[in-house]
Amino acid sequence: MQKFTSEDPPVHDSDMPDNEKFMVVEAWKQTDFLCKCYILSALEDGLYNVYSAINTLKELWDSLKKKYKTQDAYFKKFVVFKFLDYKMIDNKIVGTQVQELQIIFYDLIAEGMVVNEAFQVATIIEKLPLSWRDFKNYLKHKRKEIKLKGLVIYL
């Protein structure tokens, strides 16, 4: 599929006989048409109507890639913002808030960002509510490194 989504119409070689040029161009048109139809058939009706007017598979693929890569970038920014803005509060169960934060970590990892265990542990400790200040300081000054599973058990 990679080859077909990046291929432009063939350029004619002047040394090539006319009947061979014709066959090469027709083979390319047929392949381009089939691949384009396969992609269009997977789209919802509304999207099909928008993208069916595009002439070649390469143009279709580039257009879809541009649209959905842009949306991915927005989602990535949204997940990062959600992570940075997340605050634990006193009047909610800490365990539930830790689970919410773990879902945000999962979203970050799913978006291809590196979020190792030590970072997760440090973040959870740092985002604990104000009323947990003493426990937070205790966890920060522990000599032994805390694992994520162990921290979740503490909380």
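## A helical chain and its nonpolar cores

Let's start on the inside of this predicted model. The largest nonpolar core has 19 residues, and the ones touching the most other members are Met88, Leu101, Phe105, Leu108, Ile124 and Leu151. Four helices each supply at least two residues of this core: H4 (57-85), H5 (94-110), H6 (117-126) and H8 (148-154). The largest share, 6 residues, comes from H5. In soluble globular proteins, nonpolar side chains tend to be buried together.

Which residues does Met88 touch, leaving aside those up to four places away in sequence? Its partners are Val94, Gln97, Val98, Leu101, Ile124, Lys127, Leu128 and Pro129.

**The chain as a whole**

Of its 155 residues, 27% count as buried. Take the contacts between residues at least 6 apart in sequence: 46% of these join residues at least 24 apart.

**On the surface**

Phe33, Leu34 and Tyr38 make a nonpolar surface patch of about 340 Å². You can find Phe33 in helix H2, which covers residues 18-41.

Another residue to look for is Lys77, in helix H4. Is Lys77 buried or exposed? Lys77 is exposed, because its relative accessible area is 58% and the cut-off for exposed is over 50%. Lys77 and Glu111 are 34 residues apart in sequence, and their C-alpha atoms are 10.0 Å apart in space.

**Two cysteines**

A disulfide is a covalent bond between the sulfur atoms of two cysteines. How many disulfides are counted here? The count is 0. Cys35 is in no disulfide, and the nearest cysteine sulfur, that of Cys37, is 9.4 Å away. Cys37 is likewise in no disulfide, with the sulfur of Cys35 as the nearest cysteine sulfur.

| Residue | Relative accessible area | Class |
|---|---|---|
| Cys35 | 10% | buried |
| Cys37 | 31% | partly exposed |
| Lys77 | 58% | exposed |

How values were computed. Residues numbered from 1 in each chain as written. Predicted model: local features only at pLDDT ≥ 70, side-chain atom pairs only at ≥ 80, totals over all residues. Heavy atoms only, no water. Core = buried A, V, L, I, M, F, W, Y, C linked by side-chain atoms within 4.5 Å. Buried < 20%, exposed > 50% of the residue type's maximum accessible area, 1.4 Å probe, protein only. Contact = heavy atoms within 4.5 Å. Patch = residues over 30% accessible without salt bridge, like charges linked within 9 Å, V, L, I, M, F, W, Y side chains within 5 Å. Areas by Shrake-Rupley, 256 points an atom, 1.4 Å probe, with all protein chains shown as cover. Salt bridge = Lys/Arg side-chain N within 4 Å of Asp/Glu carboxyl O. Disulfide = S-S within 2.5 Å.
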